[in-house]
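These are my notebook entries from one sitting with a structure. I wrote down each thing I looked up, in short form.

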Amino acid sequence: MMDKVELHDTLTREKRELTPSDGKQFRFYVCGPTVYGPAHIGNFRTFVLFDVFYRVLVAAGLQPRFARNITDVDDKTIKASQEQGLTLRAFTDRYTEKFHADCDTLGLLRPDAEPRATDHIQEQIDLIAVLMEKGHAYQGADGSVYYRVASFPEYGKLSHFDPAALQTQATNSAEALNLADEYDRDAVADFALWKAHKPADGENAWDSPWGRGRPGWHIECSAMSMKVLGQTFDLHGGGEDLCFPHHENEIAQSEGATGKPFALHWMHAVHLLVEGKKMSKSLGNFFTLDDLLEKGFAPDAIRYLLVSGHYRQQLNFTLKGVEGAASGLKKLRKLAAHLRVPEDADRTAPPPGSPTGAFASAWAVLRDDLNTPAAIGELFKTGSALLSESPREEDRMGLHKLLFALGIPPVGPENTTAETDAPEAIRALADRRWQAKKDRDFTAADALRAELTAAGWQVLDAKDGYTLEPLAR
Ligand code: AMP
Ligand code: ZN
């Protein structure tokens with residue numbers, strides 16, 4: 001059973017329903033981190049939102065197969081490894097492990113495949129060889145191999161760019177500006193597929209039909225996504241800065257080589273801002289996860305904040321925002337405890353199928369272009385009324401589904417079962433009060449309620465029973 005999921009597509013600029021094109025699994029690829037230091041919270045906005053996307057597909061029964069790469073060779077990783085006197089592998093292993101640890105702290109599910117660029121050098125060489133054969137690539141005078149953008153008339157279709165306007169483009173990739181390359185290319189828009197070895201690369205070079213060197217950045221994602229997911233797959237995503245030129249180049253490489261459509265749908269997450277500016281390492285205005293944990297913020301509150309903005313809108317990050325997120329989280333957890341949602345609801349998917357109860361609307365808006373803020377809004381809107389009713393199975397299931405999809409653990413340090421489960425003596429008092437009420441002995445019932453209040457408990461009556469809530473202290 002499958003629930004309908006619709007999503008805006010960067011390529012067609014329309015909202016489209018997602019369906020597995022092979023009729024079985026929904027296959028998607030997300031550009032992963034460049035492992036030269038800890039990822040910042042802006043990077044994590046993108047990764048957390050794609051984690052929610054993955055979870056929604058699981059909960060909707062689309063059986064996703066999710067691949068996310070590790071970029072472990074580029075100018076930055078090479079330079080930093082040399083500065084630290086480590087081999088590239090030892091250096092990038094360290095930051096891959098750090099990335100995994102941070103992902104675990106923020107409650108991200110592991111992708112089904114996580115290919116590393118340096119483990120797939122041969123696949124990248126093979127792909128470049130096909131591009132050479134088909135006339136899409138040429139070797140420059142400097143020994144590097146370039147993609148001939150003019151050979152691919154559809155270039156620009158994703159970012160809606162006119163290739164003629166690219167004359168002003170200053171860089172050939174998102175990597176450091178390499179002015180020397182400018183003079184060895186036939187056209188400024190042409191980008192490097194294989195970079196001839198330079199002294200600064202040190203030992204980080206591989207043999208190829210075009211001499212020793214290393215792959216350009218864009219080719220790794222084409223080679224690895226097609227290896228892991230097939231030549232045509234369902235969706236490709238990343239942060240908005242990757243749309244051009246990275247994803248445009250991936251399309252040119254992959255479709256140029258195979259003659260088949262590459263990704264059928266494109267998804268881009270808009271950047272996180274700090275005081276109105278993009279959070280980035282180069283601007284120095286970034287927080288890592290550790291920076292925020294050291295300030296005393298809980299990882300769940302950080303995740304909640306990152307999830308509370310829509311992926312196609314900017315999210316302005318402030319420390320006040322994390323505090324606000326902590327109180328939203330607390331309210332959600334109160335509701336989860338009341339409905340007795342299982343404690344592992346964020347890790348274990350409920351069975352597919354639409355919830356029928358109070359949370360049907362929250363689940364519907366989440367499946368409509370991944371509207372996380374609207375889903376959280378719906379949770380609160382319908383949830384608060386439920387607090388004064390006895391829990392229903394369909395609502396427990398519904399909230400379980402939403403908490404799984406958003407990746408929010410129902411139990412946190414501020415809300416343990418010990419606090420919300422009333423002790424035996426309190427429950428005995430409350431039972432006596434319920435009986436008195438049923439016997440229409442309202443004087444006794446009121447007296448018993450007063451006793452419960454004095455002990456710090458509130459009774460919430462429903463049609464066929466009651467629940468107990470600790471009074472705010
Ligand atoms: P990188 O490690 O630089 O390759 O970036 C990893 C991912 O983080 C990419 O998908 C980027 O688009 C994304 N990213 C970078 N900066 C931000 C930001 N400020 N907000 C959201 N995503 C970002
Ligand atoms: Zn990529």
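Entry 1, the zinc site. I looked up how the donor residues of the zinc ion (ligand 2) are spaced in sequence, and the pattern is C-x189-C-x24-H. The model is a predicted one. The protein donors are Cys-31 through SG, Cys-221 through SG and His-246 through NE2, and they lie 2.0 to 2.2 Å from the zinc ion. I then checked where the two cysteines sit. Cys-31 is in the loop between strand S3 (26-30) and helix H1 (41-59), while Cys-221 is in helix H6 (residues 217-229), so this pair ties together parts that are 190 residues apart in sequence. Are Cys-31 and Cys-221 buried or exposed? Cys-31 is buried, and Cys-221 is buried as well.

I asked which residues come nearest to ligand 1. There are 16 residues around ligand 1, and those that come nearest are Gly-42, Thr-46, Asp-241, Leu-272 and Met-279. A nitrogen atom of ligand 1 is 2.7 Å from an N or O atom in the side chain of Thr-46. For Leu-272 the backbone is involved: one of its N or O atoms lies 2.8 Å from a nitrogen atom of ligand 1. I also noted Asn-43, where an N or O atom of the side chain is 3.0 Å from an oxygen atom of ligand 1.

Entry 3, a sheet of three strands. I found an open sheet with the strand order S12-S11-S13 and mixed pairing. Strand S12 (277-278) and strand S13 (315-317) each have a single partner strand and stand at the edges, so one side of each is left without a neighbour in the sheet. Strand S11 (residues 272-274) runs antiparallel to S12, and two bridges join them. In this pairing Leu-273 stands opposite Lys-278 in S12. As a reminder to myself, strands of a sheet pair through backbone hydrogen bonds, either parallel or antiparallel.

Entry 4, a hairpin. I looked at strand S1 (residues 6-9) and strand S2 (residues 14-17), which run antiparallel and are joined by four bridges. Leu-7 stands opposite Arg-16 in S2. The hairpin of S1 and S2 has four residues between the strands, and Arg-13 takes a positive phi near 55 degrees there.

I read off the total for the structure, which is 30.

My next pair was Asp-72 and Arg-116, whose side chains meet in a salt bridge at 3.0 Å, N to O. This pair links distant parts of the chain, 44 residues apart: Asp-72 is in the loop between strand S4 (64-68) and helix H2 (75-83), and Arg-116 is in the loop between helix H3 (88-105) and helix H4 (121-133). Asp-72 has a relative accessible area of 1%, so it is buried. Arg-116 is buried with a value of 10%.

My last pair was Lys-79 and Glu-83, with the closest N and O atoms 3.4 Å apart. Lys-79 and Glu-83 are both in helix H2, four residues apart, about one turn of the helix. Lys-79 has a relative accessibility of 52% and therefore counts as exposed. Glu-83 is exposed at 61%. I then noted a network in which salt bridges with shared partners join Asp-72, Arg-89, Asp-93, Arg-116 and Asp-119.

I asked where His-310 is placed. His-310 is in the loop between helix H9 (299-307) and S13. With a relative accessible area of 10%, His-310 is buried. Leaving out residues up to four places away in sequence, His-310 touches Arg-45, Asp-369, Leu-370, Asn-371, Thr-372 and Pro-373.

I counted up the secondary structure last, and the chain has 16 helices and 15 strands. Buried residues make up 54% of its 473 residues. The C-alpha atoms fill a box of roughly 95 × 45 × 35 Å along the principal axes. Of the contacts between residues at least 6 apart in sequence, 76% join residues at least 24 apart.

Methods:
Residues numbered from 1 in each chain as written. Chains lettered and ligands numbered in written order. Predicted model: local features only at pLDDT ≥ 70, side-chain atom pairs only at ≥ 80, totals over all residues. Heavy atoms only, no water. Pairing = 2+ DSSP bridges. Donors = N, O, S within 2.8 Å, 3.2 Å for Na, K, Ca; no water. Buried < 20%, exposed > 50% of the residue type's maximum accessible area, 1.4 Å probe, protein only. Contact = heavy atoms within 4.5 Å. Salt bridge = Lys/Arg side-chain N within 4 Å of Asp/Glu carboxyl O. Near = heavy atom within 4 Å. Polar contact = N/O pair within 3.5 Å; in protein donor to acceptor, adjacent residues only side chain to side chain.
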